[in-house]
Amino acid sequence: MSLVEEGADDYTQDGTVDLRGNPVRRSKRGGWTACSFVVVYEVFERMAYHGISANLVLYLTKKLHQGTVTSANNVTNWVGTVWITPILGAYVADAHLGRYWTFIFASAIYLTGMSVLTLAVSLPSLKPPPCSAANVGDCKKASTLHLAIFYGALYTLAVGTGGTKPNISTIGADQFDDFDPKEKGHKLSFFNWWLFSIFFGTLFANTVLVYIQDNVGWALGYGLPTLGLAISIAIFLAGTRYYRHRVPAGSPFTRMVQVIVAALRKWSVPVPSDPKELHELDPQEYAKKGKFRIDSTPTLRFLNKACVQTETTSPWKLCSVTQVEETKQMLRMIPILITTFVPSCMLAQINTLFVKQGTTLDRSIGSFKIPPASLSGFVTISMLVSVVLYDCFFVKIMQRWTKNPRGISLLHRMGIGLILHVVIMTVASFTERWRLRVAREHNLVESGGQLLLKICPSLSKVNETRYKIY
């Protein structure tokens, strides 16, 4: 093979370029070298985000003097916004700015929100005076100005995460060429280790940062996450010279709508029995864009009307087979999306109800007292252990049996997870029913008193738990 051919083979085939739009070499950009910056960024960024969200419900009750129901509702509203804004961020990246520049601009917004939030918890003039009353209803409420600055900073932060959250993972995925078998295998492993970095940063926030917030001060407890976010952005920028980038190719939502509209407009047009008669672009067109051509499938056959050839070539009346199949793939995701609604409702309790219940427990280990928000660390630890065991052992064992590069399919992984959710929530439900029954028997529901309960009657006093019933 000549040197010219070797050089040509070194270029990526998936359409990725550098920031100036030039083709890139695999040996110069991308791969694990570029992804190392993404993974380290994610550690610090997740530490910053969870450093705020993990203990937020306690700040609202203890410092802004809000009731339990009000504070929990405000936390879930904010978390919901954090997870909704990525839809807008993904659209801006795909249709206009590209992933890298959308991420950069959103990071500036993110850091601004974190900085203002740190000031809001640090300056006495931006929060109500301290109150030691047992009932927060007896304390002075936060003023309109206090709430405006605090929630303004929180939702500014949410807008920033809307641009960073959907793009950082895809930027990492862009560093591996799907047309190269070796790099395609590395991409599968990347997502597991990217999740590991998320859980590692989350664990640090749920242990070290919440301890500082509870025992040292909220100013330092929020200042460190803000510093961590600044460090994470600096780390990401340091890896710019190694990144591969994708050129904005338009919003996938627009392409989906085009298929649906074209199919509806040709409602009465019959679909030919031979898929070769349907409209499709030349393979060279897909090769230029670094995309795969997808053959027609019989599922959701009505949408195939969109690629039946007629006199017009308008994208709102005629779509390619690949575009139709991409739309079908997205529509098939809807049932999977719906199945995640209930588990998401369960996870919402971790940073609200579980933290408030944690304040009623006897959390002392000798002279050390575990912060209530640190109880969610058990969730993170289990995920950390699971990711390592899955990627290092389970996948390799299952590959021999299933011949699937992932070990088992993503649907199987989700199914197993949902089954575990059912088991866990069943146990939690029976435990809560038992706790409330004991509270009613001892007339503690109305009085808010405490009763010493044992996790297991046969265990020693080390395993005794003190509950306070609200």
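Helix axes here are lines fitted to C-alpha atoms over the stretch in contact, and the angles run from 0 to 180 degrees between N-to-C directions. With that in hand, take α2 and α9: their axes cross at roughly 160° and come within 8 Å. Keep in mind that this is a predicted model.

**Helix α2 against helix α9**

- Angles over 145 degrees count as roughly antiparallel.
- The crossing of roughly 160° between α2 and α9 therefore makes α2 roughly antiparallel to α9.
- As for handedness, α2 goes past α9 in a left-handed crossing.
- On the α2 side, the contact is made by Phe37, Val40, Tyr41, Phe44, Glu45, Met47, Ala48, Gly51 and Ile52.
- Facing them from α9 are Tyr222, Leu224, Pro225, Gly228, Leu229, Ile231, Ser232, Ile233, Ile235, Phe236 and Ala238.
- Sort the residues of this α2 and α9 contact by class and you get 16 nonpolar, three polar and one charged.

**Helix α6 against helix α7**

- Helix α6 covers residues 99-122 and helix α7 covers residues 144-173; their axes cross at roughly 150° and come within 7 Å.
- With that angle, α6 is roughly antiparallel to α7.
- The crossing of α6 past α7 is left-handed.

**Salt bridges**

- Search the whole structure and 11 salt bridges turn up.
- One of them pairs Arg26 with Asp177, with 2.9 Å between the closest N and O atoms.
- Those two come from distant parts of the chain, 151 residues apart: Arg26 is in the loop between α1 (3-9) and α2 (31-53), and Asp177 is in the loop between α7 and α8 (181-215).
- Arg26 and Asp177 are both buried.
- Asp174 has a salt bridge with Arg99, at 2.5 Å from N to O.
- Here too the pair links distant parts of the chain, with Asp174 in the loop between α7 and α8 and Arg99 in helix α6, 75 residues apart.
- Asp174 has a relative accessible area of 6%, so it counts as buried.
- Asp174 also forms a salt bridge with Arg246, where the closest N and O atoms are 3.2 Å apart.
- Because Arg246 sits in the loop between α9 (218-238) and α10 (252-265) while Asp174 is in the loop between α7 and α8, this bridge ties together parts that are 72 residues apart in sequence.
- Arg246 is partly exposed, at 29% relative accessibility.

- Leu111 is in helix α6, and its relative accessible area of 25% makes it partly exposed.
- If you skip its neighbours within four places in sequence, Leu111 touches Thr226, Leu229, Ala230 and Ile233, using contact in the heavy-atom sense.
- The C-alpha atoms of Leu111 and Leu229 are 6.8 Å apart, although the two residues are separated by 118 residues along the chain.
- Ser169 is found in helix α7 and is buried, at 14% relative accessible area.
- Again setting aside neighbours within four places in sequence, Ser169 is in contact with Phe190, Phe191 and Trp194.

- His65 has a positive phi of about 60°, although it is not a glycine.
- You'll find His65 in the loop between α3 (56-62) and α4 (68-84).
- His65 is buried, with a relative accessible area of 1%.
- The C-alpha atoms of His65 and Asn304 are 58 Å apart, and the two residues are 239 residues apart along the chain.
- Lys403 is another non-glycine residue with a positive phi, near 60°.
- Lys403 belongs to the loop between α15 (377-402) and α16 (410-441).
- At 68% relative accessibility, Lys403 counts as exposed, whereas His65 is buried.

Terms used:
Residues are numbered from 1 along each chain as its sequence is written. This is a predicted model: local features need pLDDT of at least 70, side-chain atom pairs count only at pLDDT 80 or more; totals for chains, interfaces and linings use all residues. Side-chain values use heavy atoms; hydrogens and water are left out. Helices (H or I, at least four residues) and strands (E, at least two) are DSSP runs, numbered from the N terminus. Angles under 35 degrees count as roughly parallel, over 145 as roughly antiparallel, 65 to 115 as roughly perpendicular and the rest as oblique. A crossing is left-handed if the near helix is turned anticlockwise from the far one by less than a right angle, and right-handed if clockwise. A salt bridge is a side-chain nitrogen of Lys or Arg within 4 Å of a carboxyl oxygen of Asp or Glu. Buried means under 20% relative accessible area, exposed over 50%, partly exposed in between (1.4 Å probe, protein chains only). Contact means heavy atoms within 4.5 Å. Ala, Val, Leu, Ile, Met, Phe, Trp, Tyr, Cys and Pro count as nonpolar, Asp, Glu, Lys and Arg as charged, and the others, Gly among them, as polar.
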